[in-house]
Amino acid sequence: MPYLVLLGAPGSGKGTQASVLAKALGVPHVASGDLLRAHVAQQTELGRMAHQYMTRGELVPDDVTIAMVMERLDQPDARQGAVLDGFPRTVVQAEALDARLAERGAGVDRALLLVVPDDELVRRLAGRWLCRQCGASYHEVSNPPRQPGRCDRCGGPLFQRDDDTPTVVRKRLAVFREQTLPLLDYYRRQGKLVEVDGVGEIAQVREALLAAALGTPA
Ligand code: AMP
């Protein structure tokens with residue numbers, strides 16, 4: 001079973017697609033942002049520290065995120081494979097991930113990059129609503145829930161992330177360009193990077209991602 005890394009700017013559809021991909025492949029969806037938001041909600045020490053960075057749109061320090069994600073990957077359900085969403089975001093994180101997977105005779109099988117133009121990213125984030133219960137993602141114009149404020153899938157309450165405001169979104173996009181884009185070269189050099197067009201229907205993007213995840217990299 002594979003370890004897949006899903007890369008993409010904020011708003012590229014990483015979360016939605018990672019969850020779909022993980023289900024299709026029978027591996028857990030490990031999202032560093034979700035793990036961090038759970039810490040924030042539970043007001044743990046880690047959560048209080050991380051929250052300051054998250055509300056500014058900056059990255060939480062590497063040592064903290066690495067320890068948190070490694071702990072998740074050590075759990076039994078993630079010992080054979082996982083879809084990683086939002087991690088790694090820096091080369092240091094990617095190296096730590098490689099080292100940990102190497103210890104279990106595994107490695108990152110593919111890094112899939114969801115490509116979406118900037119103006120589309122901003123549009124998507126501005127109208128984004130998420131389910132507090134199951135994490136499903138909606139857009140008030142292009143993918144509205146049947147009943148405003150309620151999740152179609154589980155009936156849970158919908159909310160908007162406090163880092164989806166225009167100023168913080170601009171910062172998150174800048175951080176992505178500066179700190180996460182170098183990762184593309186890291187995976188490209190290893191022949192693991194596959195670029196997938198992230199614009200289009202959710203189902204269409206899912207098919208392209210599945211083909212990229214299971215096929216031979218270009
Ligand atoms: P996301 O849900 O992936 O958009 O992440 C939300 C926020 O959590 C980011 O803007 C960062 O502040 C923080 N975060 C998530 N994953 C990481 C990571 N791998 N490294 C550092 N910070 C992260």
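A polar contact here is a pair of N or O atoms within 3.5 Å; within protein, one must be able to donate a hydrogen and the other to accept it, and residues adjacent in sequence count only if both atoms are side-chain atoms. Keep in mind that this is a predicted model: local features need pLDDT of at least 70, side-chain atom pairs count only at pLDDT 80 or more, and totals for chains, interfaces and linings use all residues. Residues are numbered from 1 along each chain as its sequence is written, and side-chain values use heavy atoms, with hydrogens and water left out.

Let's start with the ligand. There are 16 residues around it, and Ser-32, Glu-58, Gly-86, Arg-89 and Gln-93 come nearest; to be counted, a residue needs a heavy atom within 4 Å of the molecule.

| Residue | Protein atom | Ligand atom | Distance |
|---|---|---|---|
| Ser-32 | polar side-chain atom | nitrogen | 2.8 Å |
| Glu-58 | backbone N or O | oxygen | 2.6 Å |
| Gln-93 | side-chain N or O | nitrogen | 2.9 Å |

On its own the ligand has 480 Å² of accessible area, and the protein covers 95% of that (Shrake-Rupley method, 1.4 Å probe). The biggest giver to the shell is helix 2 (residues 32–41), with 4 residues; helices (H or I, at least four residues) and strands (E, at least two) are DSSP runs, numbered from the N terminus. Sorted by class, the shell holds 5 nonpolar, 5 polar and 6 charged residues. For those classes, Ala, Val, Leu, Ile, Met, Phe, Trp, Tyr, Cys and Pro are nonpolar, Asp, Glu, Lys and Arg are charged, and the others, Gly among them, are polar.

Now for the second largest pocket. Its lining is made of 13 residues, with Ala-9, Val-116, Asp-118, Phe-176 and Leu-181 nearest the centre. Strand 4 (110–115), helix 6 (118–126) and helix 7 (166–180) each give two or more residues to that lining. A pocket is an open set of points on a 1 Å grid over the protein atoms alone, where a 1.4 Å probe fits, with protein on both sides within 12 Å along at least five of seven lines; lining residues have an atom within 4 Å of a point.

Elsewhere, Asp-164 sits in the loop between strand 7 (158–159) and helix 7. Asp-164 counts as buried because its relative accessibility is 8%, and buried means under 20%. The Asp-164 side chain also makes a polar contact with the side chain of Arg-172, at 2.9 Å.

Note on methods
Buried means under 20% relative accessible area, exposed over 50%, partly exposed in between (1.4 Å probe, protein chains only).
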